[in-house]
Amino acid sequence: MSLETIYEAVLKGDAKTAAAETQAALDEGISAPDILHQACIPAMAEVGRLFEIGEKFVPEMLIAARAMQQSLVILKPLLVEADVKTVGKVVVGTVAGDLHDIGKNLVAMMLEGAGFEIVDLGTDVSPEKFVAAVQEHEPDLVGMSALLTTTMVSIGKTLEALTEAGLREKVKVMVGGAPITQDFADKVGADGFAPDAGSASRMAKAMLGVG
Ligand code: B12
């Protein structure tokens, strides 16, 4: 059965099989939304769960995410055609002064796997760039990543810039990165914090009340 094979392929990070079986499933008449919601997303959710309990590690998570991306390459045009509503739009970026992006990319991949539309601003993103992106893309959520103790301050500055631009009430803000804690998130006035990519997608859904 193709859906199960796709689920297993994404879980194992077998990109070749994920792509081939996605095509096979479409050829069998299974719809793109069914493949996404019944195979790819549950597989990435399971990867996130296994990562959270320490049974999968970063390289396996990256490989699984890449396998899912291969399936998504095939599915995306069909999903757009089918006008599938995303669960929400998220602007993500690594804050000013910080070039670390592995964790941020993982979070973005997990969010994409959970059905979110992602606008990735990259690394070293200034408060002004975050503000401009929120004005342009009107996301439901902004995700900020900081890996250096010296760049944590950029999170606070970005939140201040969003407030000054009158945008703070319009978006939820989620923060993360190795030095970030719930306590820090509370102090700077973020709406949420997640310690890893698996919990980030659950947290994002909970924050937006989408499951
Ligand atoms: C890889 C790495 C680099 C690479 C980055 C490559 C890249 N493309 O990202 C390079 C070599 C460029 C680099 C450079 C530097 N690094 Co560096 N780097 C690391 C290292 C080894 C791994 C980071 C990583 O990718 N971890 C794996 C990912 C998956 O984990 P993660 O980032 O924590 O992300 C997870 C969670 O935090 C969370 N998360 C992350 N972002 C977000 C966002 C949201 C919204 C949410 C909800 C969750 C979330 O989910 C992620 C997935 O589960 C760490 C050490 C470490 N063990 O962390 C040092 C480390 C972060 N680096 C460090 C330092 C000092 C530097 C440099 C200053 C070194 C130098 N002197 O030049 C420069 C700074 C460059 C800059 N301006 O940013 C220090 C920071 C110390 C500190 N406390 O500030 C560390 C801790 C090493 C150390 N022990 O000294 N680094």
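Mentor: Residues are numbered from 1 along each chain as its sequence is written, and side-chain values use heavy atoms, with hydrogens and water left out. In this predicted model local features need pLDDT of at least 70 and side-chain atom pairs count only at pLDDT 80 or more, while totals for chains, interfaces and linings use all residues.

Trainee: Why are α5 and α9 called oblique to each other?

Mentor: Helices here are DSSP runs of H or I with at least four residues, and strands are runs of E with at least two, numbered from the N terminus. The axes of α5 (residues 102–113) and α9 (residues 197–208) cross at roughly 50° and come within 8 Å. Such axes are lines fitted to C-alpha atoms over the stretch in contact, and angles run from 0 to 180 degrees between N-to-C directions. Under 35 degrees counts as roughly parallel, over 145 as roughly antiparallel, 65 to 115 as roughly perpendicular and the rest as oblique. The pair α5 and α9 is therefore oblique.

Trainee: What is the handedness of the crossing of α5 and α9?

Mentor: The crossing is right-handed. That word applies if the near helix is turned clockwise from the far one by less than a right angle, and left-handed if anticlockwise.

Trainee: Which residues in α5 and α9 meet?

Mentor: Contact means heavy atoms within 4.5 Å. From α5 there are Leu 106, Val 107, Met 110 and Leu 111, and they meet Ala 197, Gly 198, Ala 200, Ser 201 and Ala 204 in α9. The contact divides into 7 nonpolar, 2 polar and no charged residues. Nonpolar covers Ala, Val, Leu, Ile, Met, Phe, Trp, Tyr, Cys and Pro; charged covers Asp, Glu, Lys and Arg; the others, Gly among them, are polar.

Trainee: What makes α1 roughly parallel to α3?

Mentor: The axes of α1 (residues 2–12) and α3 (residues 32–52) cross at roughly 30° and come within 9 Å. That angle makes α1 roughly parallel to α3. The crossing is right-handed. Residues of α1 in the contact include Leu 3, Ile 6 and Tyr 7, and those of α3 include Asp 34, Ile 35 and Gln 38. By class the contact has 13 nonpolar, 1 polar and 2 charged residues.

Trainee: Why are α6 and α7 oblique to each other?

Mentor: Helix α6 (residues 127–137) packs with α7 (residues 152–164) at an angle of about 45°, their axes 9 Å apart. They are therefore oblique to each other. Pro 127, Phe 130, Val 131 and Val 134 in α6 meet Lys 157, Thr 158, Ala 161 and Leu 162 in α7. The classes are 6 nonpolar, 1 polar and 1 charged.

Trainee: Which residues come nearest to the ligand?

Mentor: Of the 27 residues around the ligand, Leu 99, His 100, Asp 101, Ser 145 and Thr 149 come nearest. A residue is near a molecule if one of its heavy atoms lies within 4 Å of it.

Trainee: Which element gives the largest share of the shell around the ligand?

Mentor: Helix α5 does, with 4 residues. By class the shell has 16 nonpolar, 8 polar and 3 charged residues.
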